[in-house]
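Hi,

Here is the structure I promised to pass on.

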Amino acid sequence: MRLLVVASDRMEFSGFPAGAWQGLTRLVKLGGNELLLTANGVGARRAMAAVDAAASFEPDALVSAGFCGALDPQLQIADIVVATCVIANGRRCAAQPLIPTHDRKGVVFRAVCSVDHVVQTATEKRTLAASGAGAVEMEAAGVASRAAALHLPFYCIRAVSDLAGEDLANDFNRALTPDGHFDTMILLRGTLGRPLTRIPELLRLRKRCVRAARALGDFFADCRF
């Protein structure tokens with residue numbers, strides 16, 4: 001099966017088989033499938049553009065993948081969230097079910113909320129959880145939209161990188177640039193105001209993302225689409 005897998009950043013694919021990037025894409029074989037990995041930045045618009053740019057691949061299905069924030073307090077770091085649907089702007093878009101070939105701990109099936117900004121407070125996470133979603137991210141709505149337009153199956157698979165009860169001390173929204181990436185220098189300058197809180201948070205998030213990326217790659221390798 002040919003799968004176009006859309007994330008926001010290459011790091012989200014660091015748990016996948018190694019390979020050379022050709023611009024925004026990298027082609028790998030995993031779990032008996034041919035995957036074209038693409039990372040075009042944060043947000044639904046950039047995710048849609050990534051799908052459009054990879055049209056010549058002629059995928060059999062579209063997959064939104066990467067990291068997510070937990071809305072469900074029971075979710076832990078590196079848990080895998082398989083979306084049952086994507087909620088965005090009050091609308092729900094169904095996602096295809098996906099079950100690994102072996103029993104795996106830390107895999108849950110939940111609605112996923114797709115928003116246009118980094119959710120930075122536990123208060124906002126609780127508000128979003130009231131919609132019935134178990135996790136939040138920023139690209140799935142764009143991929144789902146393109147899948148519907150192309151009449152292709154849509155999947156959403158996410159790995160948890162921050163917990164439901166946590167506030168983020170660093171201002172990631174301020175550091176988000178027009179090209180859909182986070183400006184490291186803006187984040188580092190922002191740590192000067194509260195270095196004892198913000199620097200450890202950045203280091204902790206980095207470690208968590210490494211774990212989440214590894215879990216994501218392992219899950220893809222164990223699935224049959």
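Ala65 sits across from Ile157 of strand 9, with strands taken as DSSP runs of E of at least two residues and helices as runs of H or I of at least four, numbered from the N terminus. That pair belongs to a parallel pairing of strand 4 with strand 9 that has eight bridges; two strands count as paired if DSSP finds at least two bridges between them.

Before going on, the bookkeeping: this is a predicted model, where local features need pLDDT of at least 70 and side-chain atom pairs count only at pLDDT 80 or more, while totals for chains, interfaces and linings use all residues. Residues are numbered from 1 along each chain as its sequence is written, and side-chain values use heavy atoms, leaving out hydrogens and water.

Strand 4 (residues 61-70) has other partners too. Strand 1 (residues 2-7) runs parallel to strand 4 and is joined to it by four bridges, with Leu4 opposite Leu62. Strand 8 (residues 133-137) pairs with strand 4 in the antiparallel sense over two bridges, and there Ala70 has Ala135 as its bridge partner. As for cover, 10 of the 10 residues in strand 4 are buried (under 20% relative accessible area with a 1.4 Å probe, protein chains only; exposed is over 50%, partly exposed in between).

Now the cysteines. The disulfide count is zero, the criterion being a pair of cysteine sulfur atoms within 2.5 Å. Cys68 is buried because its relative accessibility is 3%, and Cys156 is buried because its value is 1%.

Strand 9 (residues 154-162) also holds Phe154, which counts as buried because its relative accessibility is 4%. Its contacts (heavy atoms within 4.5 Å), leaving out residues up to four places away in sequence, include Leu62, Ser64, Val86 and Ala140. Phe154 and Ala164 are 10 residues apart in sequence, and their C-alpha atoms are 26 Å apart in space.

Last one: Glu201, in helix 6 (residues 195-221). Glu201 is buried but has no salt bridge, and the nearest side chain of opposite charge, Arg204, is 4.5 Å away. For a salt bridge, a side-chain nitrogen of Lys or Arg must be within 4 Å of a carboxyl oxygen of Asp or Glu. Beyond four places in sequence, Glu201 touches residues including Asp167, Asn170 and Phe172.

Cheers

Note on methods: Lys, Arg positive; Asp, Glu negative; His and termini not counted.
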